[in-house]
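The sequence and structure are shown first.

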Amino acid sequence: MPTSFFTRRAFVAAGCAIAGGAASGLIVPARAAGLDPTRTMRGGANNYLPDAPIVDRIGGGGFWMTGTVRRAGDGAPLPGQRIQIWAHTTEGHERDPHSHGATLTDENGQFRLEMPQIVPAFGQPHGHLAYDSGDFETVFLRPVMPSASDTSLEAHFVLQPA
Amino acid sequence: MPHIRTLLIWGALLLATAIPLIAAGQSPLLAWRSPVYIAAGFAGVVGLVLILLQPLLIGGYLPGLSQTRRRRLHRIVGTLLLIMVIAHVAGLWITSPPDVVDALTFTSPTPFSAWGVIAMWMVFLAALLGLVRRRWPWRLRSWRLAHTATVVVIVTGTVVHAMLIQGTMGTVSKTMLCLLALIALAKVIFDRRVWRSGLRLGG
């Protein structure tokens with residue numbers, strides 16, 4: 001019966017059109033608003049010591065903290081941004097000044113700093129990172145390592161112009 | 001053979017309490033911690049061991065102890081537990097004040113800290129109930145219900161707190177100790193029918 005066949009096809013087509021329209025309606029405004037800024041994590045600023053020096057490496061190294069820094073909205077990589085890093089490691093507590101260091105992002109907005117192995121403290125093996133240089137809004141991160149035996153950890157910043 | 005049974009029970013208790021402490025003492029994490037942090041951690045481990053002792057004492061499961069002595073020991077162990085909880089929190093506070101402030105204000109990123117803080121307040125409440133037991137103006141049944149209710153929260157909260165932590169305790173010995181504490185608590189509650197018994201002078 002052609003009538004019922006046509007009806008079903010029309011129904012499916014209309015359904016697809018509505019679903020597609022709804023999906024694009026959801027996507028388009030999100031694109032217009034762009035990449036959302038990263039929000040500060042709970043406990044991220046704990047034991048923060050402002051103005052950690054830029055170093056080639058924290059302590060003896062052996063562990064890598066890596067990540068990216070991008071601009072909110074268009075997601076453009078941000079070169080030359082100072083990221084401060086600290087953690088409880090095999091060489092010191094979070095509060096020890098020698099557990100703190102900073103590095104700058106490269107031209108691709110990527111950073112990479114060698115530091116001592118992070119060990120579990122206060123129940124979780126975790127690191128702390130800060131962007132606190134003023135051009136963008138301050139963000140503190142506190143990523144947790146999936147496993148205490150990991151030898152690297154990454155964290156990503158999307159910054160909102162201040 | 002009452003002597004063998006007595007020896008077995010006390011021997012098992014000694015193992016159940018000593019093994020977790022020894023295992024924690026072997027943790028590689030200790031090498032990277034300050035003495036205060038280590039002491040704070042051990043206060044927590046000792047507290048967990050004491051939590052296992054409490055129902056065993058009051059339930060009369062440890063042979064060779066008179067009722068008077070068991071009750072006195074229960075009070076002493078309760079006081080020690082209170083001291084361990086305070087030492088645990090104080091030591092962690094000295095090690096990292098902001099992390100403890102986050103925990104106490106329930107704003108910590110670590111879910112286990114809320115369980116620990118709730119258990120801490122319940123330890124204070126259970127101890128307070130212990131203090132006023134003699135002056136309790138209502139029927140003793142209501143006192144026992146209140147004390148048991150706080151203890152259920154203490155043991156549950158402590159077990160979840162301990163199990164979620166990656167710390168110095170060995171996973172196996174920690175799990176065993178937590179299971180024993182839960183079983184001992186459940187046994188004493190069911191044996192004494194806390195939910196319906198009135199004043200029971202048995203002990």
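In what order do the strands of the open sheet of 3 strands in chain A lie? The order is S4-S1-S7, and the pairing is mixed.

## Basis of the model

The model is predicted: local features require pLDDT of at least 70 and side-chain atom pairs count only at pLDDT 80 or more, whereas totals for chains, interfaces and linings use all residues. Residues are numbered from 1 along each chain as its sequence is written, and chains are lettered from A and ligands numbered from 1 in the order in which they are written.

## Sheets of chain A

Helices (H or I, at least four residues) and strands (E, at least two) are DSSP runs numbered from the N terminus, and two strands pair if DSSP finds at least two bridges between them. Strand S1 (residues 63–71) of chain A runs antiparallel to S4(A), and 6 bridges join the two. Opposite Thr66(A) stands Arg112(A) in S4(A).

Another open sheet of chain A has 4 strands in the order S3-S2-S5-S6, with antiparallel pairing. Its edges are strand S3 (100–104) and strand S6 (139–141) of chain A, each with a single partner strand, so one side of each is left without a neighbour in the sheet. Strand S5 (residues 127–131) of chain A and S6(A) run antiparallel and are joined by 3 bridges; Tyr131(A) has Val139(A) in S6(A) as its bridge partner.

## Helix packing in chain B

Helix H2 (residues 35–59) and helix H3 (residues 67–95) of chain B have axes that come within 8 Å and cross at roughly 155°. Axes are lines fitted to C-alpha atoms, for helices over the stretch in contact, and angles run from 0 to 180 degrees between N-to-C directions. H2(B) and H3(B) are therefore roughly antiparallel to each other; angles under 35 degrees count as roughly parallel, over 145 as roughly antiparallel, 65 to 115 as roughly perpendicular and the rest as oblique. H2(B) passes H3(B) in a left-handed crossing, a term that applies if the near helix is turned anticlockwise from the far one by less than a right angle, with right-handed used if clockwise. The residues of this contact comprise 20 nonpolar, 8 polar and 1 charged. In this division Ala, Val, Leu, Ile, Met, Phe, Trp, Tyr, Cys and Pro count as nonpolar, Asp, Glu, Lys and Arg as charged, and the others, Gly among them, as polar.

H3(B) also packs with H5(B): their axes come within 10 Å and cross at roughly 150°, and the two helices are therefore roughly antiparallel. The crossing of H3(B) and H5(B) is left-handed. Residues of H3(B) including Arg75(B), Leu81(B) and Val85(B) meet residues of H5(B), among them Met120(B) and Val123(B); residues are in contact if their C-beta atoms, placed from the backbone, lie within 7 Å. This contact divides into 7 nonpolar, 2 polar and 1 charged. Helix H5 (residues 111–132) and helix H6 (residues 140–164) of chain B have axes that come within 8 Å and cross at roughly 155°, so H5(B) and H6(B) are roughly antiparallel to each other. H5(B) passes H6(B) in a left-handed crossing. The residues of the H5(B)–H6(B) contact include 17 nonpolar, 6 polar and no charged.

## Annotated regions of chain B

An unreviewed UniProt entry places the annotation "domain: Ferric oxidoreductase" on residues 44–157 of chain B; annotations may be inferred rather than shown by experiment, feature names are shortened, and positions follow the numbering used here. Over residues 44–157 the chain is 82% helix and 0% strand, with end C-alpha atoms 13 Å apart.

The unreviewed entry also annotates "transmembrane region" at spans of chain B including residues 34–53 and 171–190. Residues 34–53 are 95% helix and 0% strand, with end C-alpha atoms 29 Å apart. For residues 171–190 the figures are 100% helix, 0% strand and 28 Å.

## Contact between the chains

Across the interface, 15 residues of chain B are in contact with 17 residues of chain A. Helix H4 (residues 97–104) of chain B gives the most to the side of chain B that touches chain A, with 3 residues. That side of chain B divides into 6 nonpolar, 7 polar and 2 charged residues.

Key. Contact = placed C-beta atoms within 7 Å.
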